Number of protein chains: 2
Amino acid sequence: MDPSQVKVPPLMDLTIDNITENVNLINSGNPDPRFKYVLERLVVHLHAFARETRLSTQEWAAGIQFLTKTGQICTDVRQEFILLSDILGLSLLVDSIDHPKPPNSTEGTVLGPFHTHDAHTLDHGASMSHDEKGEPLLVLCTAKDVNGKPIPGVKIDIWETDSSGHYDVQHAGRTEPDGRCVMISDDQGVFWFKAIVPVPYPIPHDGPVGQLLKTLRRHPMRPAHMHFMFEKEGFDHLITALYLRGDPYETSDAVFGVKNSLIVDLGKVDKATAEKYGVDEGIALLKHDFVLITDEESSKLREENSKKALEALGRRVKIVQGLPVPEVD
Amino acid sequence: MDPSQVKVPPLMDLTIDNITENVNLINSGNPDPRFKYVLERLVVHLHAFARETRLSTQEWAAGIQFLTKTGQICTDVRQEFILLSDILGLSLLVDSIDHPKPPNSTEGTVLGPFHTHDAHTLDHGASMSHDEKGEPLLVLCTAKDVNGKPIPGVKIDIWETDSSGHYDVQHAGRTEPDGRCVMISDDQGVFWFKAIVPVPYPIPHDGPVGQLLKTLRRHPMRPAHMHFMFEKEGFDHLITALYLRGDPYETSDAVFGVKNSLIVDLGKVDKATAEKYGVDEGIALLKHDFVLITDEESSKLREENSKKALEALGRRVKIVQGLPVPEVD
């Protein structure tokens with residue numbers, strides 16, 4: 001881009017009172033109305049935050065340092081910015097906004113920073129955890145639509161920690177994925193596998209986010225859970241998890257992910273089940289039926305919610321590709 | 001900290017409508033009232049941003065990626081988060097809030113990401129740039145208080161680019177500082193040195209911030225300027241710069257730093273001046289009198305402005321160590 005060809009409003013002598021509108025003015029050369037709207041609201045809130053707190057230069061510098069460290073600790077297998085978003089409640093909020101769920105479907109929750117794209121696709125009945133210290137668990141699930149009809153061919157990502165509360169990527173020298181797999185639901189919407197009973201664990205707290213939690217006198221613990229992510233064309237992408245009832249951190253999850261409808265009771269494998277699935281009698285059993293909604297149902301609900309929420313804020317918007325942009329007169 | 005000893009409100013089934021208050025509730029265990037207030041406003045605005053834009057999971061993930069890249073490109077000599085703050089107008093806003101200036105004093109402006117702490121302290125008359133391709137410039141300055149009284153012993157950091165528009169730290173293999181120095185004002189408040197005529201230059205635009213500017217159809221240019229930073233106990237820390245009049249980017253500075261009162265006209269060194277200062281006749285001359293305010297003047301103005309601004313927002317605050325915290329009944 002040739003800088004001399006760019007048209008901008010004259011920007012000089014900007015003050016506390018006029019800088020926001022001028023920054024948004026120069027940013028409005030951006031041709032994408034959705035990006036323009038998102039950035040405009042970002043600048044408005046960023047500036048309002050500084051104005052309302054009367055943010056000092058020293059505090060600003062501390063913030064710059066914090067963000068820099070947060071970025072610098074990120075690697076291919078560590079995502080500190082997702083952790084930051086998680087502990088500030090942003091991740092759960094965004095999931096709630098983008099993936100609204102009608103009452104008869106499975107609720108979503110936070111993705112967290114530990115999903116990877118290299119999990120092996122396993123056959124039903126396979127073991128997805130090779131941690132011999134873990135307590136054996138048989139997991140029997142189905143994926144169905146809101147009318148109870150099985151959904152075959154759903155790609156399901158599943159991941160959990162080992163018995164020490166660490167995901168595979170948290171161990172140095174990881175060569176193969178473990179404690180994670182991909183399954184494809186069968187004609188009856190069924191998928192099942194062997195795993196270990198999830199345990200509560202701390203989110204990584206040796207970095208900037210852990211330091212922030214400590215300053216806030218907050219613990220870094222998550223209650224025991226197993227992650228599930230469902231993908232199939234035509235269905236809304238579902239990121240969720242199941243939580244074990246009675247966990248000591250059930251009502252104080254560091255990342256705000258627990259929902260009552262996602263708390264499950266573990267059973268015990270009886271003799272018939274043990275024989276049918278080829279596992280030991282008496283081991284722990286997790287049974288769950290997941291209910292997916294269609295893209296269409298999700299889009300409709302999302303758009304209705306958007307319009308209602310933004311009208312309540314006095315904004316006139318139109319929905320373009322599922323997301324609001326300002327209505328221009 | 002023993003997680004089981006931490007008291008928190010029960011957090012479960014959080015929704016779009018109640019997550020903000022609950023995040024602030026759990027964060028309120030933090031014992032520092034100022035930090036509590038700053039973080040509360042941060043969470044409120046972060047969440048409001050997501051709510052007002054109906055931020056999608058995909059957009060959230062793009063934001064996480066952008067912040068991660070911004071942190072990862074930072075090094076000891078590159079500060080991409082300051083650049084981001086600069087091009088979003090936050091840096092100028094924070095300087096305006098934290099360092100308010102009465103009309104008879106020198107205005108502040110953005111620090112930018114290129115100040116270092118290793119510049120040599122030079123004697124008056126020394127050359128602070130060794131770029132032989134630069135156009136020679138004699139700089140004659142004073143530091144005075146608002147009553148015109150000279151201020152001796154002020155530590156002044158000065159930095160500028162070379163004639164190619166790059167700061168020393170932008171060149172690979174930098175071993176020594178160049179184009180930067182520290183001076184101490186003499187008994188008459190005078191400090192003077194040899195430099196080169198500043199040139200306009202682009203902020204580093206090969207990283208995430210440059211990509212953002214491009215997406216926004218904004219140029220990355222800054223008008224020609226020289227940075228000055230003044231420190232002396234009892235006086236308000238002054239971060240400022242002088243801009244050359246008539247620069248093509250005078251009204252479109254990528255970081256919003258230009259103020260009319262900071263634009264200067266370059267003169268030419270006459271015969272008497274050339275003899276007095278030992279430079280060639282006819283070279284460019286920059287003369288400027290900087291006016292510093294005391295800490296006391298600055299604090300008073302800052303506190304008055306804070307109270308006025310926050311009262312206008314309907315907030316009852318008290319000022320603690322110069323910064324507002326909520327007034328608790």
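A polar contact here is a pair of N or O atoms within 3.5 Å; within protein, one must be able to donate a hydrogen and the other to accept it. Keep that in mind for the tour of this predicted model.

**Stop one: the interface.** Select chain A and chain B together. The rule finds 35 residue pairs in polar contact across their interface, both residues at pLDDT 80 or more. Now colour chain A by element. By class, the side of chain A that touches chain B divides into 50 nonpolar, 28 polar and 15 charged residues.

The contact involves 93 residues of chain A and 94 residues of chain B. Together the two chains bury about 8,500 Å², with carbon and sulfur atoms giving 70%. Pick out Glu52(A), Arg54(A) and Trp60(A): they supply 9% of the area that chain A buries against chain B, more than any other three residues.

**Stop three: a salt bridge.** The rule finds six across this interface. Show Arg34(A) and Glu59(B), which form a salt bridge with the closest N and O atoms 2.7 Å apart.

**Stop four: Thr109(A).** Find Thr109(A) in the loop between α5 (90–98) and β1 (136–145) of chain A. Thr109(A) counts as buried because its relative accessibility is 1%, against a cut-off of under 20%. Follow its side chain to the backbone oxygen of Gly257(A), at 2.7 Å. Beyond its neighbours within four places in sequence, the contacts of Thr109(A) include Leu92(A), Asp95(A), Ile239(A), Tyr243(A) and Leu262(A).

Terms used
Residues are numbered from 1 along each chain as its sequence is written. Chains are lettered from A and ligands numbered from 1 in the order in which they are written. Side-chain values use heavy atoms; hydrogens and water are left out. Helices (H or I, at least four residues) and strands (E, at least two) are DSSP runs, numbered from the N terminus. Buried means under 20% relative accessible area, exposed over 50%, partly exposed in between (1.4 Å probe, protein chains only). Contact means heavy atoms within 4.5 Å. Buried area is the accessible area (1.4 Å probe) that two parts lose on being put together, summed over both. A salt bridge is a side-chain nitrogen of Lys or Arg within 4 Å of a carboxyl oxygen of Asp or Glu. Ala, Val, Leu, Ile, Met, Phe, Trp, Tyr, Cys and Pro count as nonpolar, Asp, Glu, Lys and Arg as charged, and the others, Gly among them, as polar.
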